[in-house]
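Good morning, and thank you for coming.

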Amino acid sequence: MLVLSPFPEEAAGTRFRITQYIPYLQANGFDVTVDAFFSPSFFRFLYEKGQYVRKALRFSGLALRRLATATRAGRYDLIFIYREAFPVGPPMIERYLASRGRAIVLDFDDAIFLPDTSEANWFAASLKFVQKVPTLIRLSNRVIVGNETLAQYARAHNPAVAMIPTAVDTTRFVPRAAPRPAGPLIVGWIGSPTTTRYLSTLNGVLRTVAATRPFVLRVSGAAGPLPFDGVEVRSEPWSLAREIELFNTCDVGVYPLADDEWSKGKCGFKAIEFMACGVPVVASAVGVNCEIVDDGVNGFLARTREDWVDKLARLCADADLRDRLGRAGRQRVDDRYSLRRNTPLMIAALDKALARTGRLRVGVKS
């Protein structure tokens, strides 16, 4: 099995949609090779402003490398494509891979058929070619998506669709074992340069709550400094090694989104990560968040500015409420969004793709 992803493991989608499954796939007879288009260093460089000539030159070298990988694809039985095999232009590589008669699985966890990118990054925007998505879906023997909104879109182009929500390894993502350290309450946001704009919409909400329920806003992964008036902000650099630790430093998590079509395609993953770590979350009542969070039971949903102020203030004021929602949130993730639950679904989807090309794993009956 060859995994083709635009992004290295530093990107959450690559980690949680496929590479975390690899030990379990290997235990079930899959020999997995992962090939990311962007190197870790270029992935970080891509989201910096400017330097377009350097980006173009480095991109050209990575493109040649991906073309070489495609020519060797015939040695594999199964090609697993996360989002796209080549992050620019029409689906030429995907067509070539399909022509080799190998099983192809396409996986996506965003509305990749809609244009969306960081406003600050013209270079990233120039790589988008959303027109190819229907073709990618039709070329695939199996399509895996992260929520029902994406599944409905995919089924319009290919009936062979499996809905597998993004999951976490609940043996790793666990609530902090040590007692809460002394100090101010921590409200946390963990994201990426492309999602920083959502946090910015909470400026007034955070200022209003902090005026009566003081807290420190801990931000990790933002595009740059976020000087919110009236709120103490502490920026933490995001790193793969500290991922779980960063969630566990928070007392409350916030997961704001816009109420638009792009956000409705998201898979609610930051809410899932907070909840897996026993951190109560306030999330925008958009898309799949309304399936993940039962309002007032295992977290809070917010539709209006007043909702955000009320629910965030309640969590900041009440330690017992934080504990109750945190434990219920952890249980929801363990029941529905755990790697343990999703691994059999992933293996079944891969087996069905193989079967459509006449291939089977050893020990699997047709």
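This is a predicted model: local features need pLDDT of at least 70, side-chain atom pairs count only at pLDDT 80 or more; totals for chains, interfaces and linings use all residues.

**The surroundings of Cys-277**

Leaving aside neighbours within four places in sequence, Cys-277 is in contact with Phe-173, Val-174, Pro-175, Arg-176, Ile-244, Phe-247 and Asn-248, where contact means heavy atoms within 4.5 Å. Residues are numbered from 1 along each chain as its sequence is written, and side-chain values use heavy atoms, with hydrogens and water left out.

Cys-277 sits in the loop between helix H13 (269-276) and strand S11 (281-284). Helices (H or I, at least four residues) and strands (E, at least two) are DSSP runs, numbered from the N terminus. Is Cys-277 buried or exposed? Cys-277 is buried, with a relative accessible area of 3%. The terms are used as follows: buried is under 20% relative accessible area, exposed is over 50%, and partly exposed is in between, with a 1.4 Å probe and protein chains only. The C-alpha atom of Cys-277 is separated by 26 Å from that of Pro-40, the two residues being 237 apart along the chain.

Let me turn to helix H5.

H5 covers residues 92-99, and its buried residues are Ile-93, Glu-94 and Leu-97. Viewed down the axis of H5, these buried residues fall within an arc of 100 degrees, so they line one face of the helix; the arc is that of the directions from the helix axis to the C-beta atoms. The face turned away from the buried side of H5 carries the exposed residues Met-92 and Ser-99. What do the buried residues of H5 pack against? Their partners are strand S1 (2-5), helix H4 (52-71), strand S3 (78-82), S4 and H7. After H5 comes Gly-101, whose phi is positive, near 80 degrees.

The next topic is the cavity search.

Over the whole structure, the search finds 1 cavity of 30 Å³ or more. The method uses a 1 Å grid over the protein atoms alone: a cavity is a set of points where a 1.4 Å probe fits but cannot get out, and lining residues have an atom within 4 Å of a point. Grid points are joined across faces, edges and corners, and a volume is the space filled by probe spheres set on the points. The volume of the largest cavity is about 40 Å³. Its lining consists of Ile-81, Glu-94, Ile-104, Leu-106, Leu-136, Leu-139 and Ser-140. Strand S4 (103-108) and helix H7 (133-139) each supply at least two residues of this lining. By class, the lining residues divide into 5 nonpolar, 1 polar and 1 charged. Here Ala, Val, Leu, Ile, Met, Phe, Trp, Tyr, Cys and Pro count as nonpolar, Asp, Glu, Lys and Arg as charged, and the others, Gly among them, as polar. Glu-94, one of the lining residues, is also among the buried residues of H5.

I now come to charged pairs.

Side chains of opposite charge can pair when their charged atoms come close. How many salt bridges does a search of the whole structure find? The search finds 23, a salt bridge being a side-chain nitrogen of Lys or Arg within 4 Å of a carboxyl oxygen of Asp or Glu. One of them joins Arg-66 to Asp-35, with the closest N and O atoms 2.9 Å apart. This pair links distant parts of the chain, Arg-66 in helix H4 and Asp-35 in strand S2 (residues 33-36), 31 residues apart. Arg-66 counts as buried at 1% relative accessibility, and Asp-35 is buried with a relative accessible area of 8%.

In helix H16 (residues 319-336), Arg-327 and Asp-323 lie 4 residues apart, about one turn of the helix. Their side chains meet in a salt bridge at 3.0 Å, N to O. Arg-327 is exposed, with a relative accessible area of 54%, whereas Asp-323 counts as partly exposed at 44%.

Finally, Arg-83, Asp-109, Asp-110 and Lys-266 are linked in a network of salt bridges. Arg-83 is placed in the loop between S3 and H5 and is buried, with a relative accessible area of 11%. Most residues other than glycine have a negative phi. Arg-83, although not a glycine, has a positive phi of about 75 degrees.

Note on methods: On a 1 Å grid over the protein atoms alone, a cavity is a set of points where a 1.4 Å probe fits but cannot get out, and a pocket is an open set with protein on both sides within 12 Å along at least five of seven lines; lining residues have an atom within 4 Å of a point.
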